[in-house]
Amino acid sequence: MEALYTKEIAIYCDTYTKPESSMLIALKEDTYKSAHGSVMLSEKITAKFLQFCIQMSQAKMVLDVGTYTGYSALAMAEVVGESGMVYTIDRTVQPSIKIAKEHFEKCGKMNRLKLILGDADEVIPKINEVFDLVFIDADKMSSQVYYELVVPK
């Protein structure tokens, strides 16, 4: 079976996708420089796709399960609009959260970002919101659990 996402497709997408904001570039650079497991960082094309989905659907309430260094959350906060909110959840034991917090504070979008620390399976049921879009990018072994928790929301 042929790969659906080839190197050529990746190059095409990167070439014809708008550049990342300076905030996202700085966060990405800090992630590669300082965070363990930087291969977990979402790709530019993923961030741009999430932004596209938010803009096309006019989503206002967004949930990001798995903050890591905050790249996807910050990308979504850039386009969710003044009245929108991006909730992002990650475990308290993740050292990468320090990078996320630093960049969230620098970005000027704190009114659109809410970082919640804790285990997603415990946190999600306590969030009293209805979400327009959910991005599950946390512990892959628990994706089904997270999905089942967010469907009612």
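Biologist: Where is the closest cysteine sulfur to that of Cys 13, and how many disulfides does the structure hold?

Modeller: A disulfide is a pair of cysteine sulfur atoms within 2.5 Å. The sulfur of Cys 13 has its closest cysteine sulfur in Cys 53, 14 Å away, so the two are too far for a bond. The structure holds zero disulfides. Keep in mind that this is a predicted model, in which local features need pLDDT of at least 70 and side-chain atom pairs count only at pLDDT 80 or more, while totals for chains, interfaces and linings use all residues. Residues are numbered from 1 along each chain as its sequence is written, and side-chain values use heavy atoms, with hydrogens and water left out.

Biologist: Which residues touch the most other members in the largest nonpolar core?

Modeller: In soluble globular proteins, nonpolar side chains tend to be buried together. A nonpolar core is a set of buried Ala, Val, Leu, Ile, Met, Phe, Trp, Tyr and Cys residues joined through side-chain atoms within 4.5 Å; buried means under 20% relative accessible area, exposed over 50%, and partly exposed in between, with a 1.4 Å probe and protein chains only. Here the largest core has 25 residues, and Ile 54, Val 62, Leu 74, Met 76, Val 86, Leu 113 and Leu 133 touch the most other members. Six of the core residues come from helix 4, the largest share. Helices are DSSP runs of H or I with at least four residues, strands are runs of E with at least two, and both are numbered from the N terminus.

Biologist: What is Val 62 in contact with, beyond its neighbours within four places in sequence?

Modeller: Contact means heavy atoms within 4.5 Å. The partners of Val 62 include Ile 54, Met 76, Phe 131 and Leu 133.

Biologist: And how many salt bridges does the structure hold?

Modeller: A salt bridge is a side-chain nitrogen of Lys or Arg within 4 Å of a carboxyl oxygen of Asp or Glu. The structure holds seven. In one of them, Lys 44 meets Asp 14 at 3.1 Å, N to O. That pair links distant parts of the chain, with Lys 44 in helix 3 and Asp 14 in helix 1, 30 residues apart.

Biologist: Is Lys 44 buried or exposed?

Modeller: Lys 44 counts as buried because its relative accessibility is 13%, whereas Asp 14, at 46%, counts as partly exposed.

Biologist: Which residues are linked in a network of salt bridges?

Modeller: Arg 91, Asp 119 and Asp 139 are linked in such a network.
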